[in-house]
Amino acid sequence: MQAAPQTQTQVDSKDRFFRYFRHEVTALQEQMDRLNSLAADGGERNDAVDHCLAGIDRLSHEVKDASSYIPAYDQRTYSEAIKALSEKLQNTRQSFNPPKKFAFKTRKNASAVSISDADEIAASRVVGSDTSNTNSSFAPTPLNRLSPGERKEQEAALSPQNSTPKVSDGIDDANGGVRRPSFSGVTSIHISNHNAVIIIAHASASHATSSGTVTNLMNCTVDLSAPTTASPFSALYLKNILSSTIITGQVSGATHITDITSCKLYVTSRQFRMHGAKNVDVYLHCASRPIIEDCEGVRFAPLPEELVSDELKPAQNQWDQIDDFKWLKAEQSPNWSILPEGERVAPVVEL
């Protein structure tokens, strides 16, 4: 019996998933290629490996979820690509710590973590956390998913007198709540666990833009634009942020955004991926089609002209060509919209 022809909606969904899958595979390969350049101490490399593991696991589940409209042959192709990614990551991890020639006891190789283990690993870590200086009172649960009582406890944990905020290096508290880290002695920028502060990266931090993570913030303003003028981020990760303004500066690779609520983002990136965002305004300059997933109330606008570098101005900006991978119907997704011109605001960092 001949298979029924696909509807136009199914064809569009299949093509959209192909674009998404190709985007994700490319991003994961680039992340793996950078692992060797990351510092082994301080947990930076381990965090990046865990992020790759979680990305592979997520991609595997998304292929399964899309099986209703993806032909069986394409599903096999996608599965083989995911298997190849997993094997590449395993080989890369083993190259960090090659096995000893002789051993008297066999134990499970920590580098050979299966895809099914990724959820457990991802849940046990927060991107950009420091295992040597962990604030046990801070829960990694997204703030927008907490009950009112739980949120109150978390706000107390993040209060200036109770929190153990982390900016990798060079905090200057002389100007009240304004911090101007230089990130000397590190190769990447990590900012986490802050409430009601302004953080402005110093231009001299251009040596630390191999990657960046900004996590666990509430009522903050973070401006990373100065160091990226000379040296753009290769990748940037934003996670678990509430009621804050983030100016990312330039990102030559992908910007990954997870679990943020009631924020304003000013982003310049080659790739843009947002997951679990709610009520967020995004001012964007992006060289590829932005991707959102499990989002609600996200509004997009072009990045203000003054934040776009002269090198990027001739490039096509696809800020409004959004792919929503949780909305496969032909009509416009209800999860995102264009921010009206009368409501657009330029970023202001008040000192």
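Biologist: What makes the sulfur of Cys-220 too far from the closest cysteine sulfur for a bond?

Modeller: This is a predicted model, and in it the closest cysteine sulfur to that of Cys-220 sits in Cys-263, 9.7 Å away. A disulfide needs the two sulfur atoms within 2.5 Å, so 9.7 Å is too far for a bond.

Biologist: OK, and how many disulfides does a search of the whole structure find?

Modeller: Zero, over the whole structure.

Biologist: Why is Cys-220 called buried?

Modeller: Its relative accessibility is 3%. Buried means under 20%, so Cys-220 counts as buried.

Biologist: And what makes Cys-52 buried?

Modeller: That one has a relative accessible area of 0%. With the cut-off for buried at under 20%, Cys-52 is therefore buried too.

Biologist: Let's move to Ala-39. Why is Ala-39 called partly exposed?

Modeller: Ala-39 comes out at 26% relative accessibility. Partly exposed lies between the 20% limit for buried and the 50% limit for exposed, so 26% puts Ala-39 in that class.

Biologist: Where is Ala-39 found, and which residues is Ala-39 in contact with, leaving aside its neighbours within four places in sequence?

Modeller: Ala-39 belongs to the loop between α1 (8-34) and α2 (44-65). Once those neighbours are set aside, Ala-39 is in contact with Glu-44 and Arg-45. There's also Val-186, 147 residues from Ala-39 in sequence but 8.6 Å from it in space, C-alpha to C-alpha.

Biologist: Glu-44 came up there. Which residues are closest to the centre of the largest cavity, and how many line it?

Modeller: The structure holds three cavities of 30 Å³ or more, and the largest has a volume of about 150 Å³. It is lined by 15 residues, and Glu-44 is among the closest to its centre, along with Leu-38, Ala-48, Ser-211 and Tyr-237. The elements giving two or more residues to that lining are α1, α2 and β7 (233-242). Of the elements, α2 gives the most, with four residues.

Biologist: What is the lining of the largest cavity by class?

Modeller: Seven polar, five nonpolar and three charged residues.

Biologist: Last one: how do you know that the end-to-end distance of helix α3 agrees with the span its residues should have?

Modeller: Helix α3 covers residues 72-96, which is 25 residues. The expected span is 1.5 Å times one less than the number of residues, so α3 should span 36 Å. Its end C-alpha atoms are 37 Å apart, which agrees. The buried residues of α3 include Tyr-78, Ile-82, Leu-85 and Phe-96.

Terms used. Residues numbered from 1 in each chain as written. Predicted model: local features only at pLDDT ≥ 70, side-chain atom pairs only at ≥ 80, totals over all residues. Heavy atoms only, no water. Buried < 20%, exposed > 50% of the residue type's maximum accessible area, 1.4 Å probe, protein only. Contact = heavy atoms within 4.5 Å. 1 Å grid on protein atoms, 1.4 Å probe; cavity = no way out; pocket = protein on both sides within 12 Å on 5 of 7 lines; lining within 4 Å. Points joined across faces, edges and corners; volume = space filled by probe spheres on them. Nonpolar A, V, L, I, M, F, W, Y, C, P; charged D, E, K, R; others polar.
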